[in-house]
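Here are my notes on the model you asked me to look over.

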Amino acid sequence: VINCTIRPDKVDAFRSAINDEFLPRIQAQAGFLENIESCDPTSGEYCCVTLWKSASDVRNYDNGLFQEIAARIMPMMQGSPTVRTLPVDNSSAHNLRAGVATAA
């Protein structure tokens, strides 16, 4: 889960970089399941949740492509982002329930 604020004058450039340049590469990562993003174009408030098959898939992404993405988009942000990794308890879209290790 990533939360940050994008500089209002950089929202369009940020969206373009994420959607056109990075999202296809994120989706190609081993273990990727889903990406859910929200961005308020007025305030620049941004939240992104990615879902992964396993903790090792998240670690591989965090230590690889995520570092490249973060370096590229940091100049577009106000302040620093918060990044948290949490276990998924439920996902109706992926038919996941608490205590179940894999999608059906």
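1. Start with the criterion for charged pairs. A salt bridge here is a side-chain nitrogen of Lys or Arg within 4 Å of a carboxyl oxygen of Asp or Glu. On that rule, the whole structure contains three salt bridges. Keep in mind that this is a predicted model.

2. Now the overall layout. The chain has three helices and four strands. Their order along the sequence is β-α-β-β-α-α-β. Of the 104 residues, 30% count as buried.

3. Which residues does the salt bridge of Arg72 link across the chain? Its partner is Glu21, at 3.2 Å from N to O. Arg72 sits in helix 3 (residues 65-73) and Glu21 in helix 1 (residues 11-27), so this pair connects distant parts of the chain, 51 residues apart. Arg72 is partly exposed, with 38% relative accessible area. Glu21 is partly exposed as well, at 33%.

4. Arg25 and Glu68 form another salt bridge, with 2.9 Å between N and O. Arg25 belongs to helix 1 and Glu68 to helix 3, so this contact ties together parts 43 residues apart in sequence. Arg25 is partly exposed at 35% relative accessible area. Glu68 is partly exposed at 37%.

5. The remaining pair to list is Asp9 with Arg7. Their closest N and O atoms are 3.3 Å apart. Arg7 is partly exposed, at 27%.

6. Next, the cysteines. How many disulfides does the structure hold? The count is zero. Cys4 itself counts as buried, at 8% relative accessibility.

7. Where does strand 1 pair? Four bridges join strand 1 to strand 3, and the two run antiparallel. Asn3 has Cys47 as its bridge partner in strand 3. Four bridges also join strand 1 to strand 4, again antiparallel. In strand 4, Gln78 is the bridge partner of Thr5.

8. Val49 is a further point to check on strand 3. Val49 counts as partly exposed, with 26% relative accessibility. Val49 and Ile2 are 47 residues apart in sequence, yet their C-alpha atoms are 6.5 Å apart in space.

9. Then the second largest pocket. Its space comes to about 180 Å³. The lining has 18 residues, and those nearest the centre are Ile2, Ile18, Phe66, Ile69 and Ile73.

10. What classes make up the lining of the second largest pocket? There are 15 nonpolar, two polar and one charged residues. Helix 1, strand 2 (32-39), strand 3 (45-52), helix 3 and strand 4 (77-83) each contribute at least two lining residues. Helix 1 and helix 3 are also the elements that the Arg25 and Glu68 pair ties together.

11. Last, a loop residue. Gly31 lies in the loop between helix 1 and strand 2. Is Gly31 buried or exposed? Gly31 counts as buried, at 13% relative accessibility. Gly31 and Asn60 are 29 residues apart in sequence, with 9.5 Å between their C-alpha atoms.

Notes
Residues are numbered from 1 along each chain as its sequence is written. This is a predicted model: local features need pLDDT of at least 70, side-chain atom pairs count only at pLDDT 80 or more; totals for chains, interfaces and linings use all residues. Side-chain values use heavy atoms; hydrogens and water are left out. A disulfide is a pair of cysteine sulfur atoms within 2.5 Å. Buried means under 20% relative accessible area, exposed over 50%, partly exposed in between (1.4 Å probe, protein chains only). On a 1 Å grid over the protein atoms alone, a cavity is a set of points where a 1.4 Å probe fits but cannot get out, and a pocket is an open set with protein on both sides within 12 Å along at least five of seven lines; lining residues have an atom within 4 Å of a point. Grid points are joined across faces, edges and corners, and a volume is the space filled by probe spheres set on the points. Ala, Val, Leu, Ile, Met, Phe, Trp, Tyr, Cys and Pro count as nonpolar, Asp, Glu, Lys and Arg as charged, and the others, Gly among them, as polar. Two strands pair if DSSP finds at least two bridges between them.
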